[in-house]
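Hi,

Here is the model I promised to pass on.

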Protein chains: 2
Amino acid sequence: MSVLSLLLGRRLSNTEAGGEKITELEGVPAMGLDALSSAAYGPEAALTILLPVGAAGLTQIVPITGAVLLLLFILFFSYWQTIEAYPSNGGSYTVASENLGAPVGLLAGTALMVDYTLNVAVGISAGIAALTSAVPALHPWTLPLCLAVLAAITLLNLRGTQEAGLAFAVPTYLFVVWWIGLLVFGLAKAMAGHPAPVTRPPPIPAATQAVGLWLILRAFASGCTAMTGVEAVSNAVSAFRAPSVRHAHRTLAGIVILLAFLLLAIATLARSYAIGAMDQTRPGYQSVLSQLAAALAGRGVIYDVAIGSVLAVLCLSANTSFVGFPRLCRLLARDRYLPHSFAMPGRRLVYSLGILFLAGAASILLVAFGGITDRLIPLFAVGAFLSFTLSQAGMAMHWTRALRHAGSPKVQLKRFVNGLGAIATAVALGIIIVAKFAEGAWITILVIPLLFWLMHSVRRRFDTVRRQLRYGAMQHLTRHNPPAVMLPMESWNAITAKALHFAISLSQDVLAVHLSALEGPEGDENEAELRRDWQRNVVMPAQQAGVPAPTLVVLRSEYREFLEPLQKIVREMEQRFPDRTIAVLIPEVVKVKWWDYLLYTYRSRQLQAALMRQSGRRVVVIDVPWRIVEE
Amino acid sequence: MSVLSLLLGRRLSNTEAGGEKITELEGVPAMGLDALSSAAYGPEAALTILLPVGAAGLTQIVPITGAVLLLLFILFFSYWQTIEAYPSNGGSYTVASENLGAPVGLLAGTALMVDYTLNVAVGISAGIAALTSAVPALHPWTLPLCLAVLAAITLLNLRGTQEAGLAFAVPTYLFVVWWIGLLVFGLAKAMAGHPAPVTRPPPIPAATQAVGLWLILRAFASGCTAMTGVEAVSNAVSAFRAPSVRHAHRTLAGIVILLAFLLLAIATLARSYAIGAMDQTRPGYQSVLSQLAAALAGRGVIYDVAIGSVLAVLCLSANTSFVGFPRLCRLLARDRYLPHSFAMPGRRLVYSLGILFLAGAASILLVAFGGITDRLIPLFAVGAFLSFTLSQAGMAMHWTRALRHAGSPKVQLKRFVNGLGAIATAVALGIIIVAKFAEGAWITILVIPLLFWLMHSVRRRFDTVRRQLRYGAMQHLTRHNPPAVMLPMESWNAITAKALHFAISLSQDVLAVHLSALEGPEGDENEAELRRDWQRNVVMPAQQAGVPAPTLVVLRSEYREFLEPLQKIVREMEQRFPDRTIAVLIPEVVKVKWWDYLLYTYRSRQLQAALMRQSGRRVVVIDVPWRIVEE
């Protein structure tokens with residue numbers, strides 16, 4: 001327990017839950033991190049696809065980025081409207097559930113879960129890619145470094161991140177300010193004429209194939225990963241200070257504008273300085289941003305701060321999944337798609353089980369793909385774009401319903417915007433699936449229905465149980481029918497006597513049962529001794545008190561089974577007392593010290609479990625504990 | 001269950017216990033195997049010690065064997081008398097306990113347990129040594145082969161070896177007849193003149209040191225391992241057909257004569273053919289018996305059968321420990337030195353737990369020493385000779401007591417014989433400890449007191465519990481004080497209603513407790529709903545029936561703990577109802593399918609366990625199960 005306290009901190013009371021509301025100033029780092037940090041891997045992902053066409057790829061990167069930005073702006077307007085319509089929680093699970101029905105909502109939730117998990121894996125692996133670009137000696141340790149960062153983030157989140165606001169704001173603003181400075185400086189140099197790189201980037205390998213539509217589509221699909229995380233603001237409008245919708249709108253606008261600038265500037269300068277992607281699996285790898293920073297400012301302090309901010313922002317962006325995933329799991333658990341434990345806050349008021357699940361899934365991904373961003377990217381965008389599409393389609397349906405009540409051109413426009421968003425993201429999703437299927441998207445496409453089916457089955461099971469547990473009022477409140485009692489006993493001792501006392505206080509019908517021959521053909525039987533004890537300690541006192549004595553039955557168990565004969569007696573009692581509860585008393589020496597678990601048998605537990613599992617509804621099990629006093 | 005049935009066979013009834021009695025014809029293989037097979041490693045163990053003196057060692061092996069034989073004959077007469085005095089069971093544990101007190105008996109039992117375990121390890125490793133002598137290609141697989149044989153023997157014993165009589169008799173008699181033939185032939189050749197080996201044994205390495213007393217003592221100590229197993233007959237006199245003592249005597253005589261001949265002939269012929277021991281860890285190793293058989297008969301069919309019989313007999317000799325060890329554990333368990341489970345026959349009427357423990361301990365030894373006989377030998381004889389000494393000392397005390405009642409010269413002679421046995425084996429034990437201490441005997445000398453202390457502690461714990469459980473007659477048979485009932489409830493449903501019905505049938509004092517705030521600051525409370533349900537389903541029906549309604553208490557648990565507040569209420573109830581039983585009703589959805597264990601929480605189990613562990617003696621726990629009907 002003290003190890004837990006050391007690792008996680010003391011248990012928090014419900015009243016200690018943080019309730020501070022935020023403005024756009026805190027909103028941009030807290031909710032924009034995921035989206036902004038995508039700039040660090042989105043353009044690189046597109047450039048990686050363009051590698052085989054050599055220098056010709058550089059002419060393609062700007063129009064591809066343009067297409068991505070077009071999609072980004074469509075999404076911007078779509079989510080602007082979602083924020084207005086769902087000012088408390090406009091997550092795609094909620095929006096899709098409410099407007100398109102529970103199954104579609106569950107599908108959106110599933111897609112989101114997958115997206116969150118991949119965001120952790122991609123964020124961490126891209127962060128470590130930035131690190132190994134700056135410090136090539138660390139390159140062989142890519143996977144262990146990824147897992148260490150994951151473990152640290154997991155632990156921090158299990159402790160709770162209520163006080164982590166500042167920890168997010170500083171690196172995010174550092175990243176934004178530093179890189180905007182760098183990029184503006186670079187763009188100015190580029191516009192002034194042919195730019196000379198301070199540190200020359202590695203040469204772009206010669207082309208091995210020609211530019212084609214298929215390649216462009218694949219590069220676009222990879223570039224779309226830059227958009228993941230844009231939905232974050234709409235998930236948590238309630239976190240903003242009043243007027244929350246206005247603050248949320250400003251935050252969303254800030255994030256989208258910053259992201260758009262970063263993407264466009266990176267693409268333009270990559271073309272100007274002839275910077276291509278490199279293979280992360282090879283030593284000497286350098287990320288696109290690392291090459292860019294080195295080309296613009298050389299490998300000095302400016303480069304170090306730039307790369308340091310990328311590392312920090314990417315690792316923190318993994319952290320945003322750790323905020324969203326457990327809360328999504330909680331929503332799903334409260335709708336009975338997941339076990340209730342996902343909705344129970346742990347000692348630090350966070351949903352620990354969801355955090356642990358996310359960490360487990362992300363570590364599986366990191367290990368399976370060796371911590372290489374490039375291999376994870378094809379899996380990534382599917383979940384995010386499926387969730388975009390379902391959310392926007394849900395919003396379109398939302399406005400369609402609103403139109404039924406009172407049609408207005410404003411609502412029609414809104415429907416058009418969200419409809420356009422749905423169609424655009426659906427088209428992008430189609431492109432992503434086709435372009436990335438063989439490279440890894442098939443994994444996501446397999447996992448999403450599997451997870452959907454799993455959660456659907458959980459819900460069905462819970463619903464079955466709920467249906468069976470529905471119940472009306474109490475009846476027979478005056479008919480106090482005492483139970484019939486069965487008491488298995490090994491020998492006459494203090495526990496047996498305690499149990500028998502309790503049995504007599506419950507009922508006149510007490511049947512004590514002793515199984516003999518349990519110790520095999522060579523066991524020396526204590527049956528005679530037991531009968532003598534019974535006569536002296538039970539029958540004689542009962543006769544003196546003038547009350548009927550309980551019955552003792554001795555049964556031989558030739559196969560040394562003890563569960564089966566006792567269960568048979570319970571069944572017989574159920575038949576003999578058709579309208580009474582059958583109470584089975586189980587006397588038990590309570591195991592206190594660890595060695596007691598080695599010294600004593602588990603027959604009491606086994607009998608209890610067997611009775612619970614297999615007996616009829618009228619059977620209850622009464623444990624009569626006997627604690628050993630330490631001497 | 002069906003896997004178990006396949007591996008172990010169907011469950012046997014107590015009435016199927018084998019009861020056939022044996023004569024000396026079956027007795028020699030069944031009880032002599034252990035002793036006779038010692039001939040395969042005893043002489044070799046002595047020769048291994050003599051290695052450094054080169055050819056000079058060969059002149060020493062015959063007198064050393066002579067000393068071993070002298071001790072063997074003293075033991076023969078000692079056990080002859082033990083058989084007479086304890087015609088049912090004269091194991092050293094029984095003899096020492098009865099005559100020298102429980103602690104000495106326990107020491108003898110401990111020594112025997114160690115001896116049995118080492119016998120398994122040595123028997124198997126020596127058997128595999130014979131095999132790798134014949135098939136050198138198998139040499140690198142020594143340890144895996146040892147473990148495979150151990151696994152096979154364990155499985156056979158778990159199945160029960162009642163029908164294994166023939167399986168023992170055939171290899172034992174084959175071994176005895178074949179080797180006596182070979183050795184007689186060899187002795188005849190040796191007496192006829194200088195013998196020429198058919199296959200020349202590897203040359204004996206040159207001496208690196210001179211013969212000294214210390215070396216002779218060490219060789220004698222190693223040679224003493226040839227005597228282990230001589231006590232087997234005295235352990236099971238009751239297994240013989242009437243007159244059992246006479247059959248047992250004949251069996252003992254047969255075993256000792258055969259063993260003595262084997263030892264003497266092997267030593268003589270080793271000298272005649274200049275056969276020394278070799279290092280088992282090196283490839284090309286050949287056991288002494290392998291060299292001897294090859295020298296006498298060449299590497300043909302005769303050799304193959306000879307080595308095959310050695311392998312079979314050694315593996316079967318390990319098997320005799322599997323008969324003795326579990327029965328010894330059972331005796332110790334019935335005297336409360338071991339958990340009761342050691343005295344409970346398994347499905348095949350064997351003491352499975354003892355078998356599994358022996359297999360575990362032997363496999364640890366085999367792995368730790370790499371399956372090399374020579375490394376195990378120094379550990380071996382300590383246990384056996386300690387048990388010999390205690391057994392003989394016990395017999396001496398037995399006759400001393402008999403002398404007190406009626407002194408006769410016959411009894412005095414018996415006391416002298418057993419006294420001599422005790423002294424001789426004690427001297428041998430001393431030599432073994434001194435000579436073998438550094439080579440490994442220290443392990444045995446550490447383990448024996450440790451095991452002794454462990455079993456002694458177990459006995460003390462059991463005795464404490466027994467003392468506390470001792471109890472007189474029933475009292476207050478007429479005062480039926482109903483229990484006070486506490487019922488924790490999450491929400492109003494069918495289980496709660498069932499539990500409440502049962503609670504009302506038990507007592508007028510029923511307290512229903514609901515903990516709120518368990519789901520943290522964001523949980524949506526169902527407290528109002530619960531109160532409404534309670535009013536409608538409990539209070540109103542009670543008012544209509546004109547009976548007092550049970551009380552509902554709702555408690556906020558700000559730290560989301562559920563055990564602690566409920567335990568506190570139980571403590572309060574204990575104070576409020578000082579002379580009544582407090583019954584805590586725990587309604588529980590019974591987990592039926594494996595996935596239920598993932599879907600539902602373990603709060604019921606946790607509460608039950610906490611109450612059993614920590615509450616006062618007046619608390620009982622009532623489980624009200626609710627089984628889900630599969631739909």
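Let me start with the place where the two chains meet. Bear in mind throughout that this is a predicted model. The contact draws 74 residues from chain A and 74 residues from chain B. On the chain A side, the elements that put in two or more residues are α16 (409-469), α17 (494-506), α18 (527-545), β4 (582-590), α20 (596-599), α21 (603-614) and β5 (619-627). Of these, α17(A) supplies the largest share, with 9 residues. Sorted by class, the chain A side comes out as 43 nonpolar, 19 polar and 12 charged residues.

Which strands make it up, and in what order? It is an open sheet of 10 strands that reads β3(A)-β2(A)-β1(A)-β4(A)-β5(A)-β5(B)-β4(B)-β1(B)-β2(B)-β3(B), and the pairing is mixed. At the edges stand β3 (551-556) of chain A and β3 (551-556) of chain B; each has a single partner strand, so one side of each has no neighbour in the sheet. From one strand to the next, the twist averages 25 degrees.

The chains join up in this sheet through β5(A) and β5(B), residues 619-627 of chain B, which pair in the antiparallel sense over 3 bridges. If you want a residue pair to find that spot, Asp623(A) sits opposite Val621(B) in β5(B).

How many of the 9 residues of β4(B) are buried? The count is 7, so the strand is largely enclosed by the rest of the structure. The cut-off behind that is 20 or more other C-beta atoms within 10 Å of a residue's own.

Back in chain A, helix α19 (residues 563-576) lies across β1 (484-488), β2 (510-516), β3, β4 and β5 of that chain. The helix runs at about 170 degrees to β1(A).

Away from the sheet, I also looked at a helix pair in chain B. Helix α6(B), residues 102-134, packs against α14(B), residues 352-368, at an angle of about 55 degrees, with the axes 9 Å apart. That angle makes α6(B) oblique to α14(B), and the crossing is right-handed. From α6(B), the contact uses Tyr116(B), Thr117(B), Leu118(B), Val120(B), Ala121(B), Ile124(B) and Ser125(B). From α14(B), it uses Leu358(B), Ala361(B), Ala362(B), Leu365(B) and Leu366(B). By class, this helix contact has 10 nonpolar residues, 2 polar ones and no charged ones.

Last, some backbone details to check. Most residues other than glycine have a negative phi, and most peptide bonds are trans. Against that background, the bond between Ala242(A) and Pro243(A) is a cis peptide, with omega about -5 degrees. Pro243(A) is in the loop between α10 (232-235) and α11 (244-272) of chain A. In chain B, the peptide bond from Ala242(B) to Pro243(B) is cis, with omega near -5 degrees, and Pro243(B) lies in the loop between α10 (232-235) and α11 (244-272) of chain B.

Then there is phi. Arg336(A) has a phi near 65 degrees, a positive value in a residue other than glycine. Its place is the loop between α13 (301-334) and α14 (352-368) of chain A. Is Arg336(A) buried, exposed or partly exposed? It has 19 C-beta neighbours inside 10 Å, so it counts as partly exposed. For Arg336(B), phi is likewise near 65 degrees, and the residue belongs to the loop between α13 (301-334) and α14 of chain B. With 19 C-beta neighbours inside 10 Å, Arg336(B) counts as partly exposed.

Cheers

Methods. Residues numbered from 1 in each chain as written. Chains lettered and ligands numbered in written order. Predicted model: local features only at pLDDT ≥ 70, side-chain atom pairs only at ≥ 80, totals over all residues. Contact = placed C-beta atoms within 7 Å. Helix = DSSP H or I, 4+ residues; strand = E, 2+ residues; numbered from the N terminus. Nonpolar A, V, L, I, M, F, W, Y, C, P; charged D, E, K, R; others polar. Pairing = 2+ DSSP bridges. Axes fitted to C-alpha atoms, helices over the stretch in contact; angles between N-to-C directions. Parallel < 35°, antiparallel > 145°, perpendicular 65-115°, else oblique. Left-handed = near helix turned anticlockwise from the far one by under 90°. Buried ≥ 20, exposed ≤ 12 C-beta atoms within 10 Å, placed from the backbone.
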